[in-house]
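The sequence and structure come first.

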Amino acid sequence: MNVKDIFETMDYGPAPESAADALAWIVDQGSRFGCFIDGEFTTPGAVFETRNPATGEVLAEITQASDTDVAAAVAAARAAQPGWEGLGGPGRARVLYALARLMQKHARLFAVLETLDNGKPIRESRDIDLPLVQRHFYYHAGQAQLMGDVLPGRRALGVCGQIVPWNFPLLMLSWKVAPALAMGNTVVLKPAEWTSLTALLFADICRQAGVPKGVVNIVTGDGAVGEMIVGAEVDKIAFTGSTAVGRQIREATAGTGKALTLELGGKSPYIIFDDADIDSAIEGLVDAIWFNQGQVCCAGSRLLIQEGIAEDVLGRLKHRMGTLRIGNPLDKVIDIGAMVDPVQVGRVTEMIEGTAGEVFQGGPVPEGGCFLPPTLVTGLEPADPLMQEEIFGPVLVSTTFRTPAEAVALANNTRYGLAASVWTENVNLALDVAPKLAAGVVWVNATNLFDAAAPFGGLRESGFGREGGPEGLMAYTRPVDPAPEKAAPGLGVEPGLGAEPGDPVGPIDRTAKLYVGGKQARPDGGYSRPVHGADGGLMGHVGLANRKDLRNAVEAAQAASGWAGASAHLRAQVLYFVAENLSARAAEFAGRLDAMTGGTGGAAEVDAAVDRLFTFAAWSDKYDGAARAVPIRGTALAMRRPVGLIGALCPDEAPLLGLVSVMAPAIAMGNRVVLVASERAPLAATDFYQVLDTSDVPGGVVNILTGRHEELAPEMARHLNMDAVWSFSSAAVSGDIERLSAGNLKRTWVNHGAGRDWGLADAGTFLEAATETQTIWVPWGE
Amino acid sequence: MTVQAPHATAQLPQVTEASHEPRNPGMALDLDWVRSAQANTSAIERRAASLSGRRSVKKEFQAAWALRAITCIDLTTLAGDDTPGRVRRLCAKARQPVRADLLSAMGMDPITVGAVCVYHDMIAPAVEALEGSGIPVAAVSTGFPAGLSPFRLRVEEITESVAAGAAEIDIVISRRHVLTGNWQALYDEMRIFREACGPAHVKAILATGELGTLRNVAKASLVCMMAGADFIKTSTGKEGVNATLPVSLVMLRAIRAYHARTGYRVGYKPAGGISKAKDALVYQSLMKEELGDRWLRNDLFRFGASSLLGDIERQLEHHVTGAYSAGWRHALA
């Protein structure tokens, strides 16, 4: 077309970004890549092809790492780790700063290479991914510099195995590598097999930045290589990817003591209330579900519209879909590029074709290449599979709601809990709804905002752990001086009916029961076991709780969900009252403890328990969130929300203090608990429920079971309506708990058979475990 | 000198277009609609900020778009020292905004700007200088720029300007009606201005820099369209803040909503501060994205600008020759 013609048509025309420099870099590397191990690229071994999904052209050949490669990478990382950590925060800060600068200097090369390999529009890799990557390295250079101040008493975990997905290859690399390196860890990272090139360019950059050999190792290949890393001698696995694979990794690492963070899938709600700026909300949808072809874990993929405006919103949305441009991702005037691989195109197409809903698609879509049009499916109910399953493509599903409460109910009607958007011009409504959403990140009148200072991560089956902010650093550090790892004491008395009977202690038979929903309950199975004192005397009987008792306790605890909404001040008052009432019966509790344990420390333990209650009563209105300095006009609130329902196996070492130490932080932060008493000395717990009864603890907030840890632990781990399981048990249940928790990916905190010094409150660790960070982005401006 | 075929100056671009776009007759004031108008500033700013990264035109497309932009310029002089001579010079530039050799190199027929925009007393020399060109004269009116002279005089100013030959009247609204939420008063005022214009098209200048919020911009846009504005225009060029992309986005969305509800297309004129060819391209892509290609023609789109043309001329010469240009190589406006 000539100027005169275009003057009439006013078309955009092509605006291609040149791929020349990126292709030249590939050729300079020989178009065949080995792994990057100990500061060097290895000779390419068995290779596979990596292709440009927009054209199908082969870009390069990538090595499928062998187990020898993985072992060498882990060994290199292990060898380099003490030196890297020993370099100190400021020393590491300089290296990270150099990395940030180099990423900035080579930003266009990285962006073009990413688009070639992944198929995402060049605008996104250039204007979104790369700036966020640089920001992540700058931010974490700062965190390295300040580590001593920001995280006193913590040090590196060691060697971190990191597995990143293909949707944001370089950005997810930066989210993993920057915090790990900042805290003094070394890494073995595997990019996704479809998108390895920018990780390999990053490896090249590491050499220029002066990253010491072995600190960053990149091994390439498919899921088999990932499995090798998971099975290797690493101290932590950080994974971003599908929920299915995350579950496998949870099971594979169970019982190994490896730290684990998982950033998994989502089906994030996008809620439009009838007073929203509808045009802006629709523009937000473009960035929510058609960003990166919808291949975004936190994509706003479930559109919930207030019924009265639904027709208007859908009409405007369809019009907007018609103006989206699909095609060559290197063209600067393209909104939707190529899906990453034909496999994904096929999978998503199949999902759309199977729906009962009404399908509307934008277009046109170019011939050849992995292109899919923007798609809207309406007329679906929550029960439809497309409303439940993650599609991971440019497909938006939609339904309506009537009231704010119904919007919240629909939004939370999902196994996932990654992100959510809320659109309303009413600040009361926005700030009421946001914290009620089961999502790790909530955007008010916005979508897909990210920053290194704002924690990102999910609830429920969207995984656990946070990336970004100080919260993200917790996942790459451990205490400098961990509590002395003494083995937990074995059971003093073999539990069960076969125990040697002794003389009864006390004049009247004592029948301790279970404590469920604020009431005493007989065990469902009808079995009890005797509890003997240290001298062998029979002190009484406790019920043996079974899975049905656990079920009842969970139901009672779920019914007490109002506790999470109680004010922190009120929760503190209740805890102080518990302390007051325990103190009033101190002598009695001390005597029982001494009788059960045969020691003389009962009085001190009761005193410590009272003090522990005071400590967490005090924390309850002080362990709060923070407003993060994100680069918008507005703020990101890193809120502390309760985990929900926590099941905990209490320790034998300190039958009363241990139970109180577990209960107090949990309920202080608004959780409800199902506590399984010390197996050896359960009477401290059953006496304690009398204290709870007199202390205004609402029924169901604290539930106490007695019974065999080995029997109850797996049931707790498998219970899908329990959000977390903690184990301080003497029994060997840690591995089982971690493995079986994979069902709903509940949070676990287990002792792997190690004991604990219950004389220390260790408040930071307990409060962290008792809360989830929810990041609420609140832009403002009129 | 070649003289173009004479046109009656009443032949506005609006009616010479093939589509014969019907004028917006206005509608009854719908206060429910006005009060429900929303504008989320942060979201609007994000959209506006990312637009230039989402859309761009290169090479011959850029040249064609720039030429189209020239046809949308209201070439303007609104200064206290304007004289008939100064206005004649401006009108000569309006007739031939681009050097003939450059147009010829691009295979283009002659083009003109959209209109020449002046104060009332300069209408006569402008009309005379533009005789036969088909280029309409636009006059700023109603006590421009503040709009605080006696109402009767503001209406009479329109009548006199139309009588003097102005085919387009750029009126200023009473900002105080917006700032006090007196939508009825704004509507009534605009209705009377529109009636006074008669056959002349009326552009309603909102003076968005003085309206305080984007929400007010959205509401004022709707009220002026309901009262029959042919165009809504951002600014007089005299406010502290003139045309911006966020303000434009709000006004364009109001135009889109009005069209969706009434079927009438209202034009848009950003004014003040648009001085670079690159800026003009961004505004054009904003129009194309939000309203569609129909709104890229000068019957529905004008730039209120004085120095924009010079920059576009330099860019065009660069397109033709491959060498960066200089201002003195192009005729003064």
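## Salt bridges and polar contacts

In this predicted model, 10 salt bridges cross the interface of chain B and chain A. One of the side-chain pairs in a salt bridge is Arg47(B) with Glu283(A), at 3.4 Å from N to O. Polar contacts between chain B and chain A come to 21 residue pairs, with both residues at pLDDT 80 or more.

On the side of chain B that touches chain A, at least two residues each come from α3 (41-54), α4 (59-71), α12 (245-262) and α13 (277-290). The largest share, 10 residues, is that of α3(B). Sorted by class, this side of chain B holds 17 charged, 13 polar and 13 nonpolar residues.

## Extent of the interface

Chain A brings 41 residues to the contact and chain B brings 43. About 3600 Å² is buried between chain B and chain A, and carbon and sulfur atoms give 50% of that area. Within chain B, the residues that lose the most area to chain A are Arg54(B), Arg55(B) and Phe61(B); together they make up 19% of what that side buries.

Arg55(B) also has its charged end over the ring of Tyr12(A), 5.4 Å from the ring's centre.

## Aromatic groups

Over all chains, the whole structure contains 29 aromatic pairs. In chain A, ring pairs join Trp726(A), Phe728(A), Trp749(A), Trp758(A) and Phe766(A) in a cluster. Trp758(A), one of the residues in this cluster, has Arg756(A) over its face, 5.7 Å from the ring centre.

Terms used: Residues are numbered from 1 along each chain as its sequence is written. Chains are lettered from A and ligands numbered from 1 in the order in which they are written. This is a predicted model: local features need pLDDT of at least 70, side-chain atom pairs count only at pLDDT 80 or more; totals for chains, interfaces and linings use all residues. Side-chain values use heavy atoms; hydrogens and water are left out. Contact means heavy atoms within 4.5 Å. Buried area is the accessible area (1.4 Å probe) that two parts lose on being put together, summed over both. A salt bridge is a side-chain nitrogen of Lys or Arg within 4 Å of a carboxyl oxygen of Asp or Glu. A polar contact is a pair of N or O atoms within 3.5 Å; within protein, one must be able to donate a hydrogen and the other to accept it, and residues adjacent in sequence count only if both atoms are side-chain atoms. Helices (H or I, at least four residues) and strands (E, at least two) are DSSP runs, numbered from the N terminus. Ala, Val, Leu, Ile, Met, Phe, Trp, Tyr, Cys and Pro count as nonpolar, Asp, Glu, Lys and Arg as charged, and the others, Gly among them, as polar. Rings of Phe, Tyr and Trp (its six-membered ring) pair if their centres lie within 6.5 Å; planes under 30 degrees apart count as stacked, over 60 as edge-to-face and the rest as tilted. A charge sits over a ring if NZ of Lys or CZ of Arg is within 6 Å of the ring centre and within 35 degrees of the ring normal.
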